[in-house]
Each structure stands twice: as C-alpha cells, then as structure tokens.
Amino acid sequence: MTVVAIVFVALLVLGLPVGFVMLGASMAYFAINPMMTSLVAQRMSSGLESFPLLAIPLFIVAGAAMARGGIADRLYAFCETLVGHWRGGLAQIAVLNSVFMGAMSGSANADAAIDARTIVPVMRARGYSNAYGSVVSAASSIIAPIMPPSIALIVYGLLTNTSIGRLFVGGVVPAFLIAIALMLTVRWTARRMDLAPARETRARPREMLKNGRAALWALAMPVMLLFGLRSGWFTPTELGAVAAVYAFVVGVLVYRGLTLRETLSLFSESAVTTAGVLFIIASASVFSLILSLEQVPQQLITALLSISENTYVVLLVINIALLVLGTVFEGLAIIVILGPLLVQVAQGLGIDPVHLGVVLVFNTAIGSLTPPVGTVMFTVCSITRCSVEDFTWAFLPFLAAAIGVLLLLTYVPALVTFLPNLFF
C-alpha cells in the first residue's frame, strides 16, 4: 500500500487528471503481482456495466440542451420580475436563476459558466466589481449539485447502492436553504457596498405572469422530474431519457434556440464531459478494489471511532476532513474514492446514507470554489478574467454562509431525510 500512496502523490503533484492518478496508482499495485494485472482491465470494464450509469450522459445532454435552447434568457427575465427590485438586484437574480438552472443542468460548472457569460457582464456595466460578480456566479452554482438531477448525487447513489430517487428528493430542501442563505448574504453585502436594485420598481402581477408564462416550459422540467419519480412512472435512468427528449423538443420547437450547429456542438461538449466522468468511475472501481484488499474501510472506521463514538463528533471530523480535501481534490474524485468508505462508517453509526450523500456532495461543492484547485472558481475566473486573489477575498462572506448551511444540514438530518421518508 505504501507504493500505491507514493505513486498516487507523485502523479498528483505532476498535475495529471485524477482518473489517471487513480489508474496509475492501481497499476503500480498490481505490477508487484503480475498474476493479478489482468484484473485492471476486467475491473474497469465491469465498473461501467451498470444500466443506471446511462442516467449520467442523458442528464448531461438534457442540461446542455436546456441551457442552450433559449431557456436561460427566459428564466433570467422571470427572475428579474421576482427579485430585481431588491437591493443588489442583479446578484439576487443570479442566485434565483441558479435555483431554476440547477434543476436542469445538475452541474455546478455548467451553471457557473452560464452565469459568468450572461449575468456578470451586465453586473459590471451596472457598477458591480468584477470580483463580486464572479463570486456571485460561482457561489450560486453550488445549488446545482444538490438540486435534482444532480450528476454528483447520481454517482454517489450508484457507488453506494443508495436510492437515487431518495437522493434527488432529499436534495430539494437543502437546495432551497442554500439559496436563502446566499440571498441573505447578497442582501448584507449589497448594503455594505451600496449596490442598487436591478429595477427601480416592483414588477406588476401582469408582468410577472407574462414572464412566468414565457418560462413555463422551462419550469415544468423539475416538476416533471419529481412527479415522475414519486409516481413510479420513471426510474432515474428513464427520466434522464425523457428529460433529454423534452429539452430538445422545447429548445427546437418551442423556444427555437437550438440550430443544427448548436446541436452538434452540444453533443460534442456532452460527449467530452461524459467520457471524463465515466473514466473517473472506471479508474475508481480498480482503486476501490485495492482499498478493499488492503482493508482500508475497516481501518478508516476504526480510526474515526477511536476519536469518538459520538455521531456528532465523527460528523464534525468528516466535515473538516472533506473541506480540507476539497481544496486540493476535484469534487467528483472525492465522492468516488471516499463515498463507499464513508457509507460503511455511517452504517456503523446509524447515519442515513441519503443524509450522508447530501452532506458529502455539498462539501465537495464548497471545495470547488476554494483555491488552489477549485474547478468552478477557475471556470468562472477564466471567463470573467478575475484574479484568484480578488475572487478569494470577495468569496469569504459566501463561504461563511455555505459552511453555516453545511453545519445545519449535518446536525439537523431531518432537513434532508424528511421528504425522502415522506415520498418513499
């Protein structure tokens, strides 16, 4: 196991993608025993032989189609009529827009990229600093990994044999709590920075109704998703197919935002994203075999319980460890590597795996915004040309709000488990 650790750290320091890091470390382990080398290819292949994995590319395509098909503009106009008259109105619009977009994209990077390209330029033109606009776009994107159809929750559910339907429903209340916390933070920072509303007067009911009607096809998707899961009409995988078809029909026939060129670009982008996710899962399946052979899960459980047998203390230690790891590891890698291990710890302590899954995914979402390896942070900063230093300072109030919600979700599990227990 020492050889695996050395190779793992060496490849990570060299800057290789995490999928290649795990695969390289696994190859080093099996190279010691050539008789077992064939297990690498077998394990990678068997790790992808799962029907529920189809949900990942389907939801990626659906999210990309909804984002490119003219939906973002209509959602923006609808959000403006709801919160545009508040202080810091453009920032409030960005947060509320992420609630709706998160229910379609399932990806923090996708949501952040959309806001960085569409809302941040408007914010700069209205007198907002580039750093503040970049931070709001990035911070609001952490709603997407929690709001169904979250790609991260799908991966966690597949790796830990946890019901994806329960995970989806369990993410609804936390997603709204995150949105409320971010909007309160925007309100506080807007007062300190004396930021003006996006519009001078409150929108009239007729204008709200008009913009709501224009965005109705977009707003119907998350409702369809939850209703389909609750009624048993669709499995999560089948729902991904329905969502993809629905997104294309709306984008092509209703909003007319998808052209042939846009569609080809969309498929290309989705294929690259899907390949990256599945390669990480395949590599992690080999790496998890090594962890099992070396009895790492048992050692981890023993180490955590040696600290304390109190559930709350163990959860605090897990949260601190995940927040630290999130600063140097990509979120999906943390879920893939630690998800199955932490579930075994949770079972020993009587923690609901749905509760653990939402807390784990939210932890990694926060990590995606923090240096030095915050993927969402770098995505936004590369689009807005914001320096990492300026971004980090402006992000501190939002980081405090996010950690506050994380602790609330950690120690009040009913906020996560109430709806799954009610619906399933």
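Reader: Why is helix 9 (residues 130-140) said to be largely enclosed by the rest of the structure?

Author: In this predicted model, 11 of the 11 residues of helix 9 are buried, so the helix is largely enclosed by the rest of the structure; buried means under 20% relative accessible area, exposed over 50%, and partly exposed in between, with a 1.4 Å probe and protein chains only. Among the buried residues are Asn-130, Tyr-132 and Ser-140. Local features need pLDDT of at least 70, side-chain atom pairs count only at pLDDT 80 or more, and totals for chains, interfaces and linings use all residues. Residues are numbered from 1 along each chain as its sequence is written, and side-chain values use heavy atoms, with hydrogens and water left out.

Reader: What makes Asp-352 and Arg-166 a salt bridge?

Author: Their closest N and O atoms are 3.4 Å apart, and a salt bridge is a side-chain nitrogen of Lys or Arg within 4 Å of a carboxyl oxygen of Asp or Glu. The pair links distant parts of the chain, 186 residues apart.

Reader: Why does Arg-166 count as buried?

Author: Arg-166 has 18% relative accessibility, and therefore counts as buried, whereas Asp-352, at 24%, counts as partly exposed.

Reader: Why are helix 12 and helix 22 called roughly antiparallel?

Author: Helix 12 (residues 172-193) and helix 22 (residues 388-411) pack at an angle of about 150°, and angles under 35 degrees count as roughly parallel, over 145 as roughly antiparallel, 65 to 115 as roughly perpendicular and the rest as oblique; the two helices are therefore roughly antiparallel to each other.

Technical notes. Helices (H or I, at least four residues) and strands (E, at least two) are DSSP runs, numbered from the N terminus. Axes are lines fitted to C-alpha atoms, for helices over the stretch in contact, and angles run from 0 to 180 degrees between N-to-C directions.
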